[in-house]
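Hello,

Here is the structure I promised to pass on to you. Have a look at it first, and then read on for what turned up.

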Amino acid sequence: MKNTAGKITSELRHFGLGEHVCSFYKNHDEQFAVIIPYMFIGLQNNEKCIYVVDDNSKEDVVKAFKGSDIDIEKHIQTKQFEFFTKEETYLKDGCFDPDHMMALLKDLEKHALKEGYGGLRVTGEMTWCLAKQQGMEKLMEYEVRLNYLLPKSKIIALCQYSERKFDPQTLIDMIHAHPKIIVNHSVCRNPYYISPDEFIERAKGKVSREFYEQIRDDIIERSRNEIEHEFLKKQYEAILKITMDGFWVVDEKGNFLNVNDAYCRMIGYSLPELMKMKIQDIEMVECPEGVENHIGKVKKTGCDRFETKHRCKDSKILDVEVTVNYMQVDGGMMFAFIRDITKSKEIEISLRDSQLKVRAVFDQTYQFIGLMTVEGILIEANRAALEFAGVEVSAVLNKPFWETPWWVHSRELQQKLRDSIKKVASGEFVRFEATHIAKDGSLHYIDFSLKPIKDESGRVIFMIPEGRDITESRKLGEALKESYSELELRVKVRTAELSKANDDLYKEVSERKRIEQELKERLWDLERFSKFAVDRELKMEELEEKIRELEKKLKPAV
């Protein structure tokens, strides 16, 4: 947080359109330590950026910007960033005329807005006025008049004054003429600023009592605030230093204004890098528009607590819990603590997945069985289903179920499956007749069903697709239809055959019920055995051995 570049960038983000700012600098490095982030923020905010050169050439400025992360050439090419000379601006027609400059600024603002920009951002190197051109006696008039023009406009202007080249009287006059000043890489509240109305009165030799009282009260307030500020600053820094959680301060657009060391370590970016970024750059769950909507929600409610995912510099994804509060200060800011919950999430998901996979394998009785996410991604398939289609598990897992070999032969069935997944995701049970292509190319009819698996709160977290091959039953039905006429003539034979078929069917049903009851009893045994194993703290290897023995017993029955 002591990093100068990060600090000035954070402070400059508080400036908005309508501001009149003065930057005092000692050397080239100090000059561009302010100007580069000032213009960078304008480019980020979709503002037209104008730089009036004098002490530096256009090439000097471009070279300085190339040392930063800004692709200045691209912005110059698109004309979002343009250069002007003193002859094109301040000294038009060879002399300085405040009226001309006011008209020029208004015209530039008009064109910027017409071109689709959000506003106009201007900065000028004021060394041109050292040449004592005609009209230079009106410089203070110009600076004071800007304080009437700018607050009613969509223009932000930053005047650059070199401490080494301007005399003390001019520098003091500029302090009086600018509501906000930048000195030594810091944005400073300017207690010596004189409003344009008061300035005009002083120029006439008049000083009002109100102005004296303003200065007196400001001295008292500054003294009190400095003491309180220093105390609060020490508390603030101490808290952020010892906390294990990450901490942000962001503005209403999601720009980072401050970040503690813990979050820098957590996310892998340095403070200067984060100071040029937004929440949208690291947020993985919400889209940029979603982030903006979420910020709007926090502004209305004042606070929020939620889970999301952040992308680290090395592309690693973190699960985080965010607690955020909104305060209407300096244009609106949000203060957030960020806790890394990745490990606890992984443990939670692992345990939940293990439990549900065991349930999916041992609680279902259909021939083909799988496990899917609520989005329809297949994450498990049993051997019977894989062998039927003649595919390896790696060829189907982690793919949309409707794009697997069981469904790709029919677009109609693919759409029906996708519609069914939506229904099951809302908690419904779906069952319909489908067709699958076997590995030998033959078409099989399948009694297909899709069942939701819910957590303790009733939320659907998985789906179980099941399929039973009913091809033979289907063929039998078709054969019976085809021979209906012949069988009609042979009533006695038909009756006997049907009677026998009914007996066989009854036996089959009875046998299936017996098998189903036996499976339930054996599964109950498994549950009792699992509880017994847990109660006696058996090792996991012993439990797995028991499960394998039980599977061997179940296979002949199925």
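**Strand E4 and its neighbours**

Tyr51 stands opposite Thr123 in strand E4. Please keep in mind as you read that this is a predicted model. The pairing behind that contact is between strand E2 (residues 48–52) and E4, which run in the parallel sense over five bridges. E4 also pairs with strand E5 (residues 155–162), again in the parallel sense, over six bridges. In that pairing, Arg121 has Ile156 of E5 as its bridge partner.

How much of E4 (residues 120–125) is covered? Six of its six residues are buried. Leu120, Val122 and Gly124 point one way, while Arg121, Thr123 and Glu125 point the other way, and all are buried.

Among the buried ones are Leu139, Tyr142, Glu143 and Asn147.

**The open sheet**

Five strands form an open sheet in the order E9-E8-E12-E11-E10, with antiparallel pairing. Its edge strands are E9 (256–259) and E10 (303–311), each pairing on one side only. From one strand to the next, the twist averages 25°. E10 and strand E11 (residues 317–327) run antiparallel and are joined by nine bridges; in this part of the sheet, Cys303 stands opposite Asn325 in E11. Helix H12 (residues 288–301) packs on the sheet, where it touches E10, E11 and strand E12 (333–340), and its direction makes about 160° with that of E10.

**Ser10**

Ser10 lies in helix H1 (residues 4–12). With 10% relative accessibility, Ser10 counts as buried. Leaving aside residues up to four places away in sequence, Ser10 touches Leu257, Asn258 and Met275.

**Cysteines**

How many disulfides are there? With a cut-off of 2.5 Å between cysteine sulfur atoms, the count comes to zero disulfides. Take Cys129: the closest cysteine sulfur to its own is in Cys159, 9.9 Å away, which is too far for a bond. Is Cys129 buried or exposed? At 5% relative accessibility, Cys129 counts as buried, whereas Cys188, at 26%, counts as partly exposed.

Happy to talk any of this through.

Best wishes

How values were computed:
Residues are numbered from 1 along each chain as its sequence is written. This is a predicted model: local features need pLDDT of at least 70, side-chain atom pairs count only at pLDDT 80 or more; totals for chains, interfaces and linings use all residues. Side-chain values use heavy atoms; hydrogens and water are left out. Two strands pair if DSSP finds at least two bridges between them. Helices (H or I, at least four residues) and strands (E, at least two) are DSSP runs, numbered from the N terminus. Axes are lines fitted to C-alpha atoms, for helices over the stretch in contact, and angles run from 0 to 180 degrees between N-to-C directions. Contact means heavy atoms within 4.5 Å. Buried means under 20% relative accessible area, exposed over 50%, partly exposed in between (1.4 Å probe, protein chains only).
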